[in-house]
Amino acid sequence: MSKNDRFVVKHGSDWAVKKGGVSTPESVHHKQSDAERVAKQTVHRAGGGEVRIQGRDGKFRDSDTVKPGHDPFPPRDKKH
């Protein structure tokens, strides 16, 4: 896990952007899409990395590499 990686996780009835290993959210949003957008902007400004998105069931449903990060498996990531 990179220091630039962020997680979009359920936070009560809202969605939070968190940095790995830190319990306090960086930001909280009413919509998951808003939290995902902010997380990707943050990672991009920080030099690239991964954004991992949690589903409503608590399982991580998606992971996006944000440039200038390095995707270790580019052929498998065909949806982005």
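This is a predicted model: local features need pLDDT of at least 70, side-chain atom pairs count only at pLDDT 80 or more; totals for chains, interfaces and linings use all residues.
Residues are numbered from 1 along each chain as its sequence is written, and side-chain values use heavy atoms, with hydrogens and water left out.

Let's begin with the layout. The protein has one helix and five strands, where helices (H or I, at least four residues) and strands (E, at least two) are DSSP runs numbered from the N terminus. Starting at the N terminus, the order of elements is β-β-β-α-β-β. Of the 80 residues, 36% count as buried; buried means under 20% relative accessible area, exposed over 50%, and partly exposed in between, with a 1.4 Å probe and protein chains only. The protein exposes about 5,300 Å², and carbon and sulfur atoms supply 51% of that area. Accessible areas come from the Shrake-Rupley method with a 1.4 Å probe, and for residues only the protein chains shown count as cover.

Now turn to the helix. Helix α1 covers residues 32–45, and at 1.5 Å a residue its 14 residues should span 20 Å, which agrees with the 20 Å between its end C-alpha atoms. The expected span is 1.5 Å times one less than the number of residues. Its buried residues are Gln32, Ala35, Glu36, Val38, Ala39, Thr42 and Val43. Viewed down the axis of α1, these buried residues fall within an arc of 165 degrees, so they line one face of the helix; the arc is that of the directions from the helix axis to the C-beta atoms. An α-helix has 3.6 residues a turn, so residues three or four places apart point the same way. The buried residues of α1 pack against β1 (6–11), β2 (14–19), β3 (27–29), β4 (49–54) and β5 (60–66). Just after α1, Gly47 adopts a positive phi of about 110 degrees.

Strands β1 and β4 pair in the parallel sense over three bridges; two strands pair if DSSP finds at least two bridges between them. Val8 has Ile53 of β4 as its bridge partner. β4 and β5 run antiparallel and are joined by six bridges, with Val51 opposite Asp64 in β5. Five residues lie between the strands of this β4 and β5 hairpin, and there Gly58 takes a positive phi near 90 degrees.

Not counting residues up to four places away in sequence, Val51 touches several residues, including Val8, Ala39, Val43 and Val66; contact means heavy atoms within 4.5 Å.

Finally, look at Thr42, which lies in helix α1. Thr42 is buried, because its relative accessible area is 18%. Beyond residues up to four places away in sequence, Thr42 touches Arg6 and Glu26. The C-alpha atoms of Thr42 and Val66 are separated by 9.7 Å, with the two residues 24 apart along the chain.
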